[in-house]
Amino acid sequence: MIKLKRIFFLVIISLIVSFPSFSQECYKLLYIIDGDTIKILYHGKKTSVRLLGIDTPESRKNRRAYYQARKNQQDVETIVYLGKQAKRHLKELLAGYKQVCLVYDQNSAYHSHRDRYGRILAYVYTSDGKFINKLMLEDVYAYLLTRYPLKPKYETVLSKAFRTAVENSRGLWKSEHR
């Protein structure tokens, strides 16, 4: 009996942590821009959403791709290759979904939940509750990004997913990519 209560308690806790809060808003998913940015129909306008708490390699040669190459001691072709892999994986995670649900972090409310490029900063969920930001980290297609302050519960979940990815040396963390 005690074991059943403990299992029930653990299931409830995991549901609370893994599902979005009730303040979520769902929007039509238009397409994937890259591994950490999507385009949605937001109040009748095409709008970019930056997945909060993650960063992926660039999928095109640009100033940021060259910066990532220098920072990670890799050539820019490797960065672009990894960026294309991250974009492909995000497409796979969102395949078949017509909508995504956004959960905003109150820490970015001061800036109207937007970054300097005007993209919405949000935690992205599928309609059936898959936490996409976390999956990109767990599946090792993204780096943890804490440039924007995160809610403690999300920072804990994303940090744990990131540590697991690094410890398992898969995907972006394979030694041949480093």
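I took contact to mean heavy atoms within 4.5 Å. I looked at contacts between residues at least 6 apart in sequence, and 61% of them join residues at least 24 apart.

**Ground rules.** I am working on a predicted model, where local features need pLDDT of at least 70, side-chain atom pairs count only at pLDDT 80 or more, and totals for chains, interfaces and linings use all residues. Residues are numbered from 1 along each chain as its sequence is written, and side-chain values use heavy atoms, with hydrogens and water left out.

**Overall.** I listed the elements as DSSP runs numbered from the N terminus: helices are H or I of at least four residues, strands E of at least two. I found five helices and seven strands. Their order from the N terminus is α-β-β-β-β-α-α-β-β-α-β-α. I then checked burial (buried is under 20% relative accessible area, exposed over 50%, partly exposed in between, with a 1.4 Å probe and protein chains only). Of the 178 residues, 46% are buried.

I called two strands paired if DSSP finds at least two bridges between them. Five strands close into a barrel, in the order β1-β2-β3-β6-β5, with mixed pairing. From one strand to the next the twist averages 60°. I took angles from 0 to 180 degrees between N-to-C directions, with axes fitted to C-alpha atoms, for helices over the stretch in contact. Strands β1 (residues 25-34) and β5 (residues 99-103) run antiparallel and are joined by four bridges. Cys 26 stands opposite Cys 101 in β5.

**Helix α3.** I followed α3 (residues 76-94) across β1, β2, β3, β5 and β6; the helix runs at about 150° to β1. I checked its length against an expected span of 1.5 Å times one less than its number of residues. The 19 residues should span 27 Å, and the end C-alpha atoms are 27 Å apart, which agrees. Buried residues in α3 include Val 76, Ile 79, Leu 82, Gly 83, Ala 86 and Leu 90. At the N-terminal end, Asp 75 caps the helix, with a side-chain oxygen 3.1 Å from the backbone nitrogen of Glu 77. Just after α3, Gly 96 takes a positive phi of about 90°.

**Gly 53.** I found Gly 53 in the loop between β3 and β4. Is Gly 53 buried or exposed? Its relative accessibility is 2%, so Gly 53 counts as buried. Leaving out residues up to four places away in sequence, Gly 53 touches Leu 137, Tyr 143, Leu 144, Leu 145, Leu 150 and Leu 158. Gly 53 and Glu 155 are 102 residues apart in sequence but 7.6 Å apart in space, C-alpha to C-alpha.

Conventions: A polar contact is a pair of N or O atoms within 3.5 Å; within protein, one must be able to donate a hydrogen and the other to accept it, and residues adjacent in sequence count only if both atoms are side-chain atoms.
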